[in-house]
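Biologist: I am new to this structure and would be grateful for a guided reading. May we begin by looking at it together?

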Amino acid sequence: MLARARAAGLSAHAELKTECRSRSTLENLLHTAADGLLDGHVFGPGHPLGLVSHAWHLPRIRFLARKVLRLRGAALLDVPATGGEPASRRERALHVASRLWFLGATDPARLLRRERAMVESLRRRAAG
């Protein structure tokens with residue numbers, strides 16, 4: 001994804017950094033914020049935060065970025081990556097489920113608890 005961000009020209013606007021220890025999109029955003037990877041930057045329409053992922057995944061990332069980073073609209077720039085798997089019914093369902101499961105939550109610990117509960121619920125449903 002870092003290569004895609006560079007190819008999109010984002011390095012002309014900001015120093016590009018990666019966070020590699022996360023297991024989920026939510027963890028990625030929480031670790032990015034907690035590790036200070038965005039410190040010193042003010043994001044807005046003239047200086048947006050680039051979100052690099054597959055086009056089908058970007059709506060859920062935008063939703064979670066609004067929750068975690070308090071950024072929305074033109075403060076976020078979608079940078080669709082090519083290749084990989086096409087959008088699936090599962091991704092669309094996860095986007096809807098995320099909106100419901102994270103309703104009203106903004107505290108990082110609460111968001112993580114809800115995510116883990118959602119994942120466990122989805123695993124149980126798939127298993128039986």
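Biologist: Which residues of α2 are buried?
Modeller: This is a predicted model, with residues numbered from 1 along each chain as its sequence is written. Local features need pLDDT of at least 70 and side-chain atom pairs pLDDT 80 or more, while totals for chains, interfaces and linings use all residues; side-chain values use heavy atoms, without hydrogens and water. Helices (DSSP H or I, at least four residues) and strands (E, at least two) are numbered from the N terminus, and a residue is buried under 20% relative accessible area, exposed over 50% and partly exposed in between, with a 1.4 Å probe and protein chains only. In α2, the buried residues are T25, L26, E27, L29, L30, H31 and T32.

Biologist: Against which elements do the buried residues of α2 pack?
Modeller: Helix α2 spans residues 25–34 and is mostly covered, seven of its ten residues being buried. Contact means heavy atoms within 4.5 Å. The buried residues of α2 pack against α3 (58–69) and α5 (108–127).

Biologist: Is L49 buried or exposed?
Modeller: L49 belongs to strand β1 (residues 49–54). Apart from neighbours within four places in sequence, L49 has contacts that include L38, F43 and L69. Because its relative accessible area is 13%, L49 is buried.

Biologist: What is the phi of R70?
Modeller: R70 sits in the loop between α3 and β2 (76–81), and R70 counts as exposed because its relative accessibility is 53%. Most residues other than glycine have a negative phi. R70 is not a glycine, yet its phi is positive, near 60°.

Biologist: Which residues make the nonpolar surface patch of about 300 Å²?
Modeller: Such a patch joins nonpolar side chains (Val, Leu, Ile, Met, Phe, Trp, Tyr) within 5 Å, from residues with over 30% relative accessible area and no salt bridge; like charges are joined within 9 Å. A salt bridge is a side-chain nitrogen of Lys or Arg within 4 Å of a carboxyl oxygen of Asp or Glu. One member, W101, lies in helix α4 (residues 89–101) and is partly exposed, because its relative accessible area is 33%. The patch is made by V96, L100 and W101.

Methods
Areas by Shrake-Rupley, 256 points an atom, 1.4 Å probe, with all protein chains shown as cover.
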